[in-house]
Amino acid sequence: WTSTSHPRQYPGSPHWSGLVGGSHNSMYTMWQPGDQSTTGMKNVAERGSQDTLLNEMSEQDSNILDTLALGGIGSGNGTTSGNLDVDGNHSLVSLVSMIAPSPDWFAGVHGLDLCNQSTWTQSRTVDLFPYDAGTDSGLTFTSGNAVTNPQEPIYRLTGTSPNNAMSSFYGYPTVKRMATLGFMLTSLTTPPPPTMTTQGSGSEAVHTTTATAMCLMTVVLTWTALLI
């Protein structure tokens, strides 16, 4: 994210809040377009504050496997990285970072599945685009606070959304990516061998073999967010 890639109203002190999120199952949704932001998402998008979102995730019990909270990046163009555990029951990843300064804008991924057709993804990159959390009606990077009441759903910022000439993205034929998020598989825990149990005896004995399917082991992924 630079003055070359996004020249319109480019702010004087561009930066990113600390990337935050975690690995989870399909019973949990951190954010997605069309949904309203939780308080935790609102705090990340408006202030870069991670605590409430992490607390929301901790209340999800078995729906969350691992969480991640990193420090911010002091410019629009930089890098950060960290480790995140996923397993076959929690193969989805959601991560967000505030685009700063901004009213309530962020970039990230939601429900990204790192298990592809029963096989762990070895590496993957995802282009990140700007989203509005629907909690502040400011139109420019440096707008003052303007609470959106009633709150609106999360939506992607484009050259026509919002369709207002004051918007920092207004008029772009295509809004370019704000960042790139990369995932790389760095270690893989070997699943246990198949086990056989026997019930009964003699001709009535029932033998059951239980095998661990692909994507059911724990895997540690190192992801790197390249903010360009």
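Exposed here means over 50% relative accessible area, and buried means under 20%. The model is predicted.

**Whole chain.** Select everything and colour by confidence. The mean pLDDT of the protein is 86, with 83% of its residues at 70 or more. Next, select residues 194-213, where the pLDDT is below 50. Beyond near neighbours in sequence, the model gives this stretch 21 contacts. Then select residues 223-228: pLDDT stays under 50 there as well, and the model has 41 contacts for them beyond four places in sequence.

**Fold and surface.** Among contacts with a separation of 6 or more, 71% join residues 24 or more positions apart. Show the surface: the protein exposes about 11200 Å², and carbon and sulfur atoms supply 49% of that area. Of the 228 residues, 45% count as buried.

**Helix α2.** Select residues 51-58, which form α2, and show side chains. Leu-53, Glu-56 and Met-57 are buried. Turn the view to look down the axis of α2: the buried residues fall within an arc of 100°, so they line one face of the helix. An α-helix has 3.6 residues a turn, so residues three or four places apart point the same way. On the other side of α2, select Asp-51 and Ser-58, which are exposed.

How values were computed:
Residues numbered from 1 in each chain as written. Predicted model: local features only at pLDDT ≥ 70, side-chain atom pairs only at ≥ 80, totals over all residues. Heavy atoms only, no water. pLDDT = per-residue confidence, 0-100. Contact = heavy atoms within 4.5 Å. Buried < 20%, exposed > 50% of the residue type's maximum accessible area, 1.4 Å probe, protein only. Areas by Shrake-Rupley, 256 points an atom, 1.4 Å probe, with all protein chains shown as cover. Helix = DSSP H or I, 4+ residues; strand = E, 2+ residues; numbered from the N terminus. Arc of directions from axis to C-beta.
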